Amino acid sequence: MSRKIRINPTLRKSILTVLVLLLLGSGGMAIWWYLQPTEKTEEAAVYNCLQEAEINYRVYYLANNFFTNEGADPGLAYMTPLTNYINTSYTYRFKGDSQAEVNGEYKVTAALTGYLTREKAGSKDETELVKLFEKEELLIPATPFQTKDQVLTINNQAPVNFRSYVDFINAVNQELRITSNLVQLSITYHVSSLIKTADGEVKEELAPVMIIPVEGNTFMVQGQLMDQKEGTVTKAQLVPVPEARTLFRNYTIAAAVFLFLLLLMSIKTTERVRDPLENELKKIMKKYGDFIAAGRGAIPAVDHEKTIVMQSFDDLIKVADEIGQPVLYDNNRGRNHTFCVISDLLVYRYNLKDAV
């Protein structure tokens with residue numbers, strides 16, 4: 001039988017405690033991951049589609065004595081007094097992963113809106129726009145479209161009589177004597193669609209808009225000229241959870257290792273037996289070390305009749321405190337561990353070996 005390794009009792013207990021906690025933790029996690037499902041339900045995309053609506057335009061001028069060009073391309077600045085009309089073109093594109101039933105409609109509206117500016121409530125430096133009037137017009141009525149395909153493209157045009165809106169604003173200013181701080185013409189292409197597939201439906205609304213300032217002598221076209229939406233049809237599907245079994249295996253291996261180490265520590269080690277005499281000496285030194293003076297030589301012999309043997313070290317401390325003398329420690333006599341307090345007439349002695 002192999003000899004056990006003797007180690008410090010406190011250290012051994014600490015190691016065993018840590019190993020037990022690690023074993024319980026890893027074992028508990030292994031059980032928890034074992035009970036987890038290896039598959040879970042997730043919403044997965046089974047159909048995707050992309051829809052785009054885009055506005056393009058070209059500005060056309062009135063015949064004049066200054067310029068020979070009849071119009072101007074997008075992205076430039078334009079002269080309001082010379083502008084006759086704006087030809088807007090609209091493109092709608094649909095593209096799906098596979099064939100689908102597409103139903104929808106589109107229309108084009110124009111809205112002329114006048115605003116006044118006023119000081120924003122609670123702020124002296126900020127202003128806000130307040131609507132003064134709005135005039136709406138339907139340029140293209142609701143027009144349905146449908147297909148059963150993977151792609152679809154629709155093109156259409158809607159001329160905007162810009163001159164008529166400028167004349168309207170001028171008439172309002174002259175006849176009603178009302179001047180707006182800001183007048184804008186908004187041309188909006190509305191499109192709504194419903195895409196039907198075997199797994200579900202996608203419903204979208206697109207509304208690109210071009211915004212044209214009407215007041216002043218020049219203008220630039222602003223707004224959101226393209227609108228894009230991605231549609232998805234999802235379906236609940238079972239997907240594997242590979243980490244469940246991986247973590248179960250890892251925690252099981254860890255638990256086995258900790259169990260092996262715990263058994264090895266329990267079987268191959270034992271607590272080092274402490275000498276009761278040394279333990280008691282440590283307690284005394286720890287508690288009363290400031291009152292004890294250790295000597296290298298033996299304490300001089302004293303007449304036996306003048307020596308009083310104390311029953312406890314606490315009694316010896318009381319005597320030392322009473323007569324104002326230190327406690328002398330003598331360990332030159334084997335393992336006696338003798339403590340003495342010497343007065344003028346008596347010697348008070350305490351032998352640790354006799355007490356333990």
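**Note on the predicted model**

1. Leu264 lies in helix 3, residues 242–268. Helices here are DSSP runs of H or I with at least four residues, strands are runs of E with at least two, and both are numbered from the N terminus. This is a predicted model, in which local features need pLDDT of at least 70 and side-chain atom pairs count only at pLDDT 80 or more, while totals for chains, interfaces and linings use all residues. Residues are numbered from 1 along each chain as its sequence is written, and side-chain values use heavy atoms, with hydrogens and water left out.

2. Leu264 has a relative accessible area of 39%, so it is partly exposed (buried means under 20%, exposed over 50%, partly exposed in between, with a 1.4 Å probe and protein chains only). Together with Ile253, Val257, Phe260 and Leu261, Leu264 forms a nonpolar patch on the surface, with about 440 Å² of accessible area in total.

3. Arg177 sits in the loop between helix 2 and strand 7. Arg177 is not a glycine, yet its phi is positive, at about 55°. Its relative accessibility is 74%, so Arg177 counts as exposed.

4. The largest nonpolar core has 45 residues, of which Ile86, Tyr92 and Leu185 touch the most other members. A core of this kind is a set of buried Ala, Val, Leu, Ile, Met, Phe, Trp, Tyr and Cys residues joined through side-chain atoms within 4.5 Å. Elements that each supply at least two residues of this core include strand 2 (39–61), strand 6 (127–160) and helix 2 (162–175). Strand 5 gives the most, with ten residues.

5. Which residues does Leu185 contact, leaving aside its neighbours within four places in sequence? Among them are Ala110, Leu112, Val160, Phe162, Tyr165 and Ile212; contact means heavy atoms within 4.5 Å.

6. Strand 18 covers residues 347–351, and four of its five residues are buried, so this strand is largely enclosed by the rest of the structure. Strand 18 pairs with strand 15 (residues 307–309) in the parallel sense, over three bridges; two strands pair if DSSP finds at least two bridges between them. In this pairing Thr307 stands opposite Val347.

7. Strand 17 (residues 338–342) runs antiparallel to strand 18, and five bridges join the two. Here Phe339 is opposite Tyr350. A hairpin of four residues connects strand 17 to strand 18.

Technical notes:
Patches are made of residues with over 30% relative accessible area and no salt bridge: like charges are joined within 9 Å, nonpolar side chains (Val, Leu, Ile, Met, Phe, Trp, Tyr) within 5 Å. Accessible areas come from the Shrake-Rupley method with a 1.4 Å probe; for residues, only the protein chains shown count as cover. A salt bridge is a side-chain nitrogen of Lys or Arg within 4 Å of a carboxyl oxygen of Asp or Glu.
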